[in-house]
Amino acid sequence: MKVIIRDHAEDASLWVAHRIAEAIKAKAAVTSEPFVLGLCTGSTPIRTYAELARMVKAGELSFRNVISFNMDEYVGLPVEHPESYHSFMHKYLFDLIDEPAENIHILDGNAPDLDAECAKYEEAIAATGGIDLFFGGIGEDGHIAFNEPFSSLQSRTRVVSLTEDTIRVNSRFFDNDPNLVPKQALSVGVATVLGSKEVVILALGPKKARAVAAAIEGPMTHYNTVSSLQNHPDGVLVLDDPAATELRVSSYRYFREVYK
Ligand code: GLP
């Protein structure tokens, strides 16, 4: 896997925004087929989304021919709840860009049949011909989407139970009350993410440093699902310097030298 280390969260976030923009434009230059983009939520992507929105506003980029699939959504949280991933995505991206509403896909955590909703999501992804680029973040335990430790690396979109750690970490968005955090979510699987042609994962800040080091230098394991990126032909982990602090000095120097 490639590891890009930038001094600050700002530079790392902009690197990702520009990579996404470049990929959208590169496909548009050779085909009229839509670009299929996987998207994430959390505090990590906010600066990247702001840059994409800026580019759209400035006329440098368009999402008119982009189809997007979000990674995950809480189960049972009303769509209009400020912390639903539906609300998040509209606030930070969809309301600021020109992606047609019918191209936006987010799992419905209130669907009457959650398993059917997950199966339908996989079918919808397959019907597009597959995701061109999946942009993700990671949890402090190395989860991608909501693929908590011990998720199968072959997993597909499904209902998942959140770990106590994730509930505690995410309670910062729910008045710091873990009881208000939904205990389950719908999430694309590890194999859904790895099935994308390109995977770009952004990790920022010291709280991600241990999971990042384990994913890069440790074995590929279901205990840290982002480590599965080791098995992707076009996977890149983009870090700010604090997220790289637990890497061995030799790894750190190598990545800094090779991916300037
Ligand atoms: C949640 C999401 C993940 C996200 C993670 C990190 O668990 N399901 O997709 O990567 O939060 O959030 P943050 O970026 O706020 O650290």
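Tutor: Gladly, and let us begin with contact, which means heavy atoms within 4.5 Å. Leaving out residues up to four places away in sequence, glutamate 198 touches Arg19, Asp132, Leu133, Phe134, His232 and Asp234.

Student: What should I know about the model and its numbering?

Tutor: This is a predicted model, in which local features need pLDDT of at least 70 and side-chain atom pairs count only at pLDDT 80 or more, while totals for chains, interfaces and linings use all residues. Residues are numbered from 1 along each chain as its sequence is written, and side-chain values use heavy atoms, with hydrogens and water left out.

Student: How many helices and strands does the chain have?

Tutor: Helices (H or I, at least four residues) and strands (E, at least two) are DSSP runs, numbered from the N terminus. Here there are 8 helices and 10 strands. The radius of gyration, taken over C-alpha atoms, can be set against the globule rule, 2.2 Å times the number of residues to the power 0.38. For this chain the radius is 17 Å, close to the 18 Å that the rule gives for 260 residues, so the chain is as compact as a globular protein of that length. Along the principal axes, its C-alpha atoms fill a box of roughly 50 × 45 × 35 Å.

Student: How much of the chain is buried?

Tutor: Buried means under 20% relative accessible area, exposed means over 50%, and partly exposed is in between (1.4 Å probe, protein chains only). Of the 260 residues, 54% count as buried. Contacts give another view: among those between residues at least 6 apart in sequence, 79% join residues at least 24 apart.

Student: In what order do the strands of the sheet run?

Tutor: Two strands pair if DSSP finds at least two bridges between them. In this chain, 7 strands form an open sheet with parallel pairing, in the order β1-β10-β9-β6-β2-β3-β5. β1 (2–6) and β5 (104–105) stand at the edges with a single partner strand each, so one side of each has no neighbour in the sheet.

Student: Where does glutamate 198 sit?

Tutor: Glutamate 198 belongs to strand β9, residues 198–203. Its relative accessibility is 10%, so glutamate 198 counts as buried.

Student: Which residues face β9 across the pairing?

Tutor: Take each neighbour in turn. Strand β6 (residues 133–136) pairs with β9 in the parallel sense over 4 bridges, and glutamate 198 is the bridge partner of leucine 133. β9 also pairs with β10 in the parallel sense, over 5 bridges. There, valine 199 stands opposite glycine 235.

Student: Can we look at loops too? Is alanine 145 buried or exposed?

Tutor: Alanine 145 lies in the loop between β6 and β7 (158–161). At 8% relative accessibility, alanine 145 is buried. Setting aside residues up to four places away in sequence, alanine 145 touches Met71, Asp72, Ser187 and Val188. Alanine 145 and leucine 186 are 41 residues apart in sequence, yet their C-alpha atoms are 9.3 Å apart in space.

Student: What is threonine 225 in contact with?

Tutor: Threonine 225 is in the loop between α7 (209–217) and β10 (235–240). With a relative accessible area of 1%, threonine 225 is buried. Beyond its neighbours within four places in sequence, its contacts are Gly142, His143, Ile144, Asn147, Glu148, Ser151, Leu153 and Val190.

Student: How do I read a positive phi?

Tutor: Most residues other than glycine have a negative phi. Phenylalanine 150 has a positive phi of about 80° although it is not a glycine. This phenylalanine 150 is in the loop between β6 and β7 and is exposed, with a relative accessible area of 56%. Asparagine 176 also has a positive phi, near 55°. Asparagine 176 lies in the loop between α5 (164–170) and β8 (184–187) and is exposed, with a relative accessible area of 59%.
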